[in-house]
Amino acid sequence: MALYQQVRKIWVPHKSGLPYFEGLPADVVVEVADDPALLPSSTAGVEFWVPTFLNQLSLRGLVGELPDLRVIQLPSAGSDAWAGIVPAGVTLADARGAHDSATAEWVITAILASLRNFPAFQRAQHARQWAHDWLTPTRELRGRRVLIIGAGNIGTAVARRLEAFEVELTLVARTARPGTGVRGTAELPGLLPEADVVVLLTPLNDETRGLVDAGFLAALPDGALVVNAARGPVVDSKALYAELSSGRISAALDVTDPEPLPSQDPLWTLPNVLITPHSGAITEGLQDRVYRLAAAQARRHFAGEPLINQVVK
């Protein structure tokens, strides 16, 4: 029993992640913990924990059951699901930077698919209809005024990719950044009426919850496109549905509120909205990105070195 108590543990959500954790002290073991009801061993000794990418809410209850926990390494860039529940003495780190490229690809794809009306063309394809006469001409991205709300890693990655499309680009952060061109959220009332495309990439917190409300949406010009790759509650769902159902604007959503979006939700029925199931970062390279980061963080932790991507609780 004494020997078992000396073992320090890392819990990860997939067996495929085990080979990444090399170069660790001999007394550190790595176990697969993907189900709160079927844990691999005693909760004692778990120092470093990587929750699953999806369904993190179902795992939060484990936090209070891990007496030796020192690090929670999230596989996601967002950490809002863990706000207020991480005990003192436990470091929370996110996967900032790991999903920039994949999420940026989703944003660009969503913008192009929406402006070029690909969902309608696909519906016509399924109906075996040559839709040239009633679905063209489509809109184009070139020359559009694009407003990115959230000037962090992913927002910057999206901006770099958009430059090739000859758009008028404005980035917005919580506060303006003099000398960089990044504007502050206090300037949104003057920016929204000029935005053809609004991309939401802001973290979810008390300041951004419900940021996109009826007033925000009403300020957009006719024909504007709202792209949400942030979190569902950043947008007031009722206000969004009301504006979309009028046909005045359109939307591309990778996140919704609630989530998953219930099958009876009327948002599904609108022709001017593209919905994907929170899959922006979920590509074939996801696990490799997450486990490379997590393993590097674990080596830092067990070597007594500071971790990167620490979240201020």
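**Briefing: strands, ring pairs and salt bridges**

At 61% relative accessibility, R174 counts as exposed, because the cut-off for that class is over 50%. The model is predicted. R174 forms a salt bridge with E207, and their closest N and O atoms are 2.9 Å apart. The two residues link distant parts of the chain: R174 sits in the loop between β7 and β8, E207 in the loop between β9 (197–200) and α7 (214–218), 33 residues apart.

- Strand β1 spans residues 8–12 and is mostly covered, with four of its five residues buried.
- β1 pairs with strand β2 (residues 28–32) in the parallel sense, over five bridges.
- In that pairing, V12 stands opposite V32 of β2.
- β1 also pairs with strand β3 (residues 46–49), in the parallel sense and over three bridges.
- Here I10 stands opposite F48 of β3.

- Strand β6 (residues 145–149) and strand β7 (residues 168–173) pair in the parallel sense over five bridges.
- I149 stands opposite V172 in β7.
- From β6 the chain crosses through helix α5 (residues 153–162) to β7, and this β-α-β crossover is right-handed.
- β7 pairs in the parallel sense with strand β8 (residues 183–184), over two bridges.
- A173 stands opposite G184 in β8.

**Annotated domain**

- An unreviewed UniProt entry carries the annotation "domain: D-isomer specific 2-hydroxyacid dehydrogenase NAD-binding", covering residues 109–280.
- Over residues 109–280, the chain is 28% helix and 16% strand.
- The end C-alpha atoms of this stretch are 10 Å apart.

**Helix α5**

- Which residues of α5 are buried? They are I154, G155, A157, V158, A159 and L162.
- An α-helix has 3.6 residues a turn, so residues three or four places apart point the same way.
- The buried residues of α5 pack against α2 (100–115), β6 and β7.

**Aromatic pairs**

- How many aromatic pairs does the structure hold? It holds three.
- Y20 and Y291 form a stacked pair, with 5.6 Å centre to centre and 25° between the planes.
- Y20 lies in the loop between β1 and β2, and Y291 in helix α9 (residues 286–302), so their pair ties together parts that are 271 residues apart in sequence.
- Y20 counts as partly exposed, at 25% relative accessibility.
- Y291 is buried, because its relative accessible area of 2% falls under the 20% cut-off.
- W49 and W82 form an edge-to-face pair: 5.7 Å centre to centre, 85° between the planes.
- W49 lies in strand β3 and W82 in the loop between β4 (71–73) and β5 (91–93), so this pair ties together parts that are 33 residues apart in sequence.
- Both W49 and W82 are buried.
- Ring pairs also link Y20, F21 and Y291 into a cluster.

**Salt bridges**

- The count of salt bridges comes to 12.
- R8 forms a salt bridge with D27, and the closest N and O atoms are 3.1 Å apart.
- R8 lies in strand β1 and D27 in the loop between β1 and β2, so the pair ties together parts that are 19 residues apart in sequence.
- R8 counts as partly exposed at 23% relative accessibility.
- D27 is partly exposed too, with a relative accessible area of 32%.
- R248 forms a salt bridge with D222, the closest N and O atoms being 2.9 Å apart.
- R248 lies in the loop between α8 (237–245) and β11 (250–253), and D222 in the loop between α7 and β10 (225–228), so this pair ties together parts that are 26 residues apart in sequence.
- Is D222 buried or exposed? D222 is exposed, with a relative accessible area of 63%.
- Salt bridges that share partners join R8, D27 and E47 into one network.

Definitions and conventions: Residues numbered from 1 in each chain as written. Predicted model: local features only at pLDDT ≥ 70, side-chain atom pairs only at ≥ 80, totals over all residues. Heavy atoms only, no water. Buried < 20%, exposed > 50% of the residue type's maximum accessible area, 1.4 Å probe, protein only. Pairing = 2+ DSSP bridges. Right-handed = clockwise from strand over helix to strand, strands pointing away. UniProt positions renumbered as here; feature names shortened; annotations may be inferred. Contact = heavy atoms within 4.5 Å. Phe/Tyr/Trp six-rings, centres within 6.5 Å; stacked < 30°, edge-to-face > 60°. Salt bridge = Lys/Arg side-chain N within 4 Å of Asp/Glu carboxyl O.
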